[in-house]
Structures are given as structure tokens and as C-alpha cells.
Amino acid sequence: MREIFMKKWLPAVLMILAAPAALATDVAAILQWSQRVELGLSVSGVVQSVSVEMGDRVKKGQVLLMLDTHASSAKVAESQAAVQRHKEVLAEARRDLGRVQELYNRTVIATTDLDQAKLRYVAAKASLDEAQARLKQDNQSVEDRILRAPFDAFVVSRDAEPGLALANGLKPQTLLVLAKAGEMLARFKLYDTQIGQFKLGQALTVEANGQSYQGKIRTLGLEPLAGKDEAVYPVEVVFYPKELLRAGTPVKVRLP
């Protein structure tokens, strides 16, 4: 009887022992921002206002901070007046050219008179173009003193207050730190025996604060982490929570 049992069940037992270990159902992960940016301004000046606080949620294009714009705004007003003046000069040159052209067509005046009228029109047009370019430049100078949100985000850090003087050189001073809202990463590690079973874009579930979120693998490490006795690779799963989750929070990623 024992011999029959061994012949019948021993191959199955050996097969089970030789099979690779199954992946764990859940792995521990840490939340990270999917996009974190340090914002500054490329121009020097004095901070006039900061309109956000740490933890605020902001919309793309929202004004976050402004430098003193009195001087640059005055230049804009001056350039606007110059543009208006050159528009009037151009309009007069256009009317004059029309009158001279009509007289020339009636052979009342010489070609030189027509040529001079054309030159006056071209010069007036060039002056207007130059004034409009200067106005555009001055408007940009004002815009360069305004810090806006590059995308929907949370304010992670506020490092500026009204009255702060900026003397920016090659590297602008960090004034605000933002993290992209509505998108986060769950980072975890897989052994070399596991990582080959996954692929980019594969769907995985992230469990955080009692909620489950559908995500997908955004990165699979190509090199093992340094300082580890075994080959361990970093993996990132991107997912899209609607509520605020904090970076550094421990979560779980459910593996298939």
C-alpha cells in the first residue's frame, strides 16, 4: 500500500515543492507626488503680495505671487500712449497717400511727390510696428513679475512673504513649491524574480486611507537599488485620487 501511495502522490508533491513562490497579495508602498515643482521668478524685485497658503488647492493659471509692478506698469502706459500716437500718424499718412495717388492718377503732380508720400506711409507703418513691439515687451515685463500656477496643484511650501527682496542671478530663488493635484504615485519594490511578471501600463489597485484606487504601472526599474543584498527594483504606480493624500503616507498595492 505504501509503495502504491508513493508512486501515485510523490510526483505531485515534488512538483509543488519545486514550483516558484507565489507573489504576495499586497505589497507595502509609499505615496509620492507625481509632479513636484519649485517655482521662482527670473526677474529681481520686491514681493508685493502672496495670495496662497500652504495646503491650498490652486487652479492652472491662478496668480500665486506678485512683485511690485509700479515701474513696469508705468512703462506699459507710456508704450500704450506711443502706440496710439503712431496709429494716428499712420492713419494720416494713409489718407495723404490716397490724396496724392489720386492727384498722380490725374497727372496733376509728379512721380517724386507720389514716392515721397509712399515713403512717409512706410515710415509711419514702421514706427507703429516698433511701438507695438515695445508695448508687447513692456507687457511681458509686467507678466514676468507675476507667478502663476502651471497646473492644478496643492501648495506644498510657501517660502516668500510681502516685502521680500529678490536679486535673482543664474538660479532664481524658490518662492513656492507645488505638487500636481489629482495624481499621485505609489512606490514599492520588487525582487528580480518578480519584476519580470509585470509590464508598463499594467493595471494595479492602490489601497489608501480605506479607499481603493485603480492605477497603472508608470515605471519599472531597470537597475537594482544600491546597497541591497538581493536584486530589488523600484516600481511606480500612478493613480488619480480626488481628495488630498499626503506624500510619505504608507499604502498598499494589490498584486494580481
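Mentor: Start with Glu236, which counts as buried because its relative accessibility is 12%. Buried here means under 20% relative accessible area, exposed means over 50%, and partly exposed is in between, with a 1.4 Å probe and protein chains only. The model is predicted, so local features need pLDDT of at least 70 and side-chain atom pairs count only at pLDDT 80 or more, whereas totals for chains, interfaces and linings use all residues. Residues are numbered from 1 along each chain as its sequence is written, and side-chain values use heavy atoms, with hydrogens and water left out.

The partner of Glu236 is Arg218: the two form a salt bridge whose closest N and O atoms are 3.8 Å apart. This pair links distant parts of the chain, since Glu236 is in strand β13 (residues 232–239) and Arg218 in strand β12, 18 residues apart. Arg218 counts as partly exposed, at 38% relative accessibility. Elsewhere, salt bridges with shared partners join Glu92, Arg95, Asp96, Arg99 and Arg120 into one network. A salt bridge requires a side-chain nitrogen of Lys or Arg within 4 Å of a carboxyl oxygen of Asp or Glu. Helices (H or I, at least four residues) and strands (E, at least two) are DSSP runs, numbered from the N terminus.

Asp96 counts as buried at 18% relative accessibility, while Arg120 is partly exposed at 43%. The salt bridge between Arg158 and Glu161 has its closest N and O atoms 2.6 Å apart. Arg158 is buried, with a relative accessible area of 19%, and Glu161 is partly exposed at 44%. By this rule the count comes to 16 salt bridges. In general, side chains of opposite charge can pair when their charged atoms come close.

Now the surroundings. The chain has four helices and 14 strands. Of its 256 residues, 33% are buried. Among contacts between residues at least 6 apart in sequence, 73% join residues at least 24 apart; a contact means heavy atoms within 4.5 Å.

Helix α2 (residues 70–105) also holds Ser72. Ser72 counts as buried, at 6% relative accessibility. Leaving aside residues up to four places away in sequence, Ser72 touches Ser141, Val142 and Arg145. The loop between α2 and α3 (111–143) contains Thr107. Its phi is near 60°, a positive value in a residue other than glycine. Thr107 counts as exposed, at 67% relative accessibility. Asn209 also has a positive phi for a residue other than glycine, near 50°. Asn209 is placed in the loop between β11 (203–208) and β12 (211–220), and at 59% relative accessibility it counts as exposed. Most residues other than glycine have a negative phi.

As for the strands, four of them form an open sheet in the order β2-β9-β7-β4, with antiparallel pairing. Its edge strands are β2 (36–39) and β4 (57–58), each of which pairs on one side only. Strands count as paired if DSSP finds at least two bridges between them. Strand β7 (residues 153–158) and strand β9 (residues 176–180) run antiparallel and are joined by five bridges. Ser157 stands opposite Val177 in β9.

A search of the whole structure finds one cavity of 30 Å³ or more. A cavity is a set of points, on a 1 Å grid over the protein atoms alone, where a 1.4 Å probe fits but cannot get out; lining residues have an atom within 4 Å of a point. Grid points are joined across faces, edges and corners, and the volume is the space filled by probe spheres set on the points. The largest cavity holds about 40 Å³. Its lining includes Trp33, Phe154, Lys180, Glu183 and Glu243. By class, the lining has seven nonpolar, one polar and three charged residues. Here Ala, Val, Leu, Ile, Met, Phe, Trp, Tyr, Cys and Pro count as nonpolar, Asp, Glu, Lys and Arg as charged, and the others, Gly among them, as polar.

Terms used:
On a 1 Å grid over the protein atoms alone, a cavity is a set of points where a 1.4 Å probe fits but cannot get out, and a pocket is an open set with protein on both sides within 12 Å along at least five of seven lines; lining residues have an atom within 4 Å of a point.
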